[in-house]
Amino acid sequence: MRRRGYVRGGAVLLTVLPLAAGCGIRTTTVPVDAGAAPSRVSCQVPKVEDSPDAVDAAVEQIYLVCGGQTTPVKRSVRIRPQITGRVEQVKELVAQLQRSVTAPEDQAGFSTTVPGTLEIRGPRESDPADALRLSSPLEDLPSFALAQIVCTVADSALASPGGTVVLGGSTRGSKVRSYTCTQDLRTRPQAADGAGTEVSP
């Protein structure tokens, strides 16, 4: 009797297997790229945080990295009356991207990829007057960092006409390029590598 039970159980198993195979799930012998794993970070924008030693401050919007894209975050940025030139003001804004993220930003999953050693410089003699030069070649800058800088400056009062940012690298003879903070650049920062339009003097 027990032996017959095993046979009956095996028949049931053989009946279930074809049903499972017909559920629309196909087996494959090659790796399948199902995309990035779901992010567990909240990316919930924290309240405005003061910069260290802020006395007189204004709320500025900067772009940090979270969940595989760049997201705007508001910061309370110190205003220094002696900083009047556009290049110096851009330096102050980019310095916010070079700071370590605050504790609330870190807990929400935000980070920054802008190198702390990166410097913002003014245009070369052959550049347009509103151009900004970086202290490293553009191609050496992480794509997320370039997206952060472009979107942060483009969404500020320091942007060039039309909400653009004209950037160039440190390589001798390199051209400057005009960037805009597009939806593609915000959601796919790696798109920064091929973004920008070359600008003539």
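**Contacts, disulfides and the sheet**

Reply: Let us begin with one residue and its surroundings. Leaving aside residues up to four places away in sequence, glutamine 69 touches Leu64, Phe144, Arg186, Thr187 and Pro189. The model is a predicted one, and glutamine 69 is found in its strand S3.

Me: What does threonine 70 touch?

Reply: Threonine 70 lies in strand S3, which spans residues 69-78. At 4% relative accessibility, threonine 70 counts as buried, since the cut-off for that term is under 20%. Not counting residues up to four places away in sequence, threonine 70 touches Tyr63, Leu64, Phe144, Ala147, Gln148, Leu185, Arg186 and Pro189.

Me: How should I read the disulfides, and how many are there?

Reply: The idea is to look for pairs of cysteine sulfur atoms within 2.5 Å. By this rule the count comes to two disulfides. With bonded cysteines counted along the chain, their pattern is 1-2, 3-4.

Me: What is the geometry of the link between cysteine 43 and cysteine 66, and which parts does the pair tie together?

Reply: The sulfur atoms of cysteine 43 and cysteine 66 are 2.2 Å apart. The angle about the S-S bond is -100°, and the link is left-handed. Cysteine 43 lies in the loop between helix H1 (2-21) and strand S1 (49-50), while cysteine 66 belongs to strand S2 (residues 57-66), so the pair ties together parts that are 23 residues apart in sequence. As to accessibility, cysteine 43 is partly exposed, with a relative accessible area of 23%, whereas cysteine 66 is buried at 1%.

Me: What is the handedness of the link between cysteine 151 and cysteine 181?

Reply: Here the S to S distance is 2.1 Å for cysteine 151 and cysteine 181. With 90° about the S-S bond, this link is right-handed. Cysteine 151 sits in helix H4 (residues 143-154) and cysteine 181 in the loop between strand S7 (177-180) and helix H5 (183-187), so the pair ties together parts that are 30 residues apart in sequence. Cysteine 151 counts as buried at 0% relative accessibility, and cysteine 181 counts as buried at 12%.

Me: Where is confidence lowest, and where is it highest?

Reply: pLDDT expresses the predictor's confidence in each residue, from 0 to 100. The protein chain has a mean pLDDT of 78, and 72% of its residues reach 70 or more. Confidence is lowest in H1, at a mean of 41, and highest in S5, at 97. Over residues 1-39 the pLDDT is below 50, and this stretch has one contact in the model beyond near neighbours in sequence. Residues 50-55 also stay under 50, and for them the model has 12 contacts beyond four places in sequence.

Me: How many helices and strands are there, and what share of the residues is buried?

Reply: The protein chain has five helices and eight strands. From the N terminus on, the elements run α-β-β-β-α-α-β-β-α-β-β-α-β. Buried residues make up 32% of the 201 residues. Of the contacts with a separation of 6 or more, 61% involve residues 24 or more positions apart. The accessible surface comes to about 12400 Å², and 53% of this belongs to carbon and sulfur atoms.

Key: Residues numbered from 1 in each chain as written. Predicted model: local features only at pLDDT ≥ 70, side-chain atom pairs only at ≥ 80, totals over all residues. Heavy atoms only, no water. Helix = DSSP H or I, 4+ residues; strand = E, 2+ residues; numbered from the N terminus. Buried < 20%, exposed > 50% of the residue type's maximum accessible area, 1.4 Å probe, protein only. Contact = heavy atoms within 4.5 Å. Areas by Shrake-Rupley, 256 points an atom, 1.4 Å probe, with all protein chains shown as cover.
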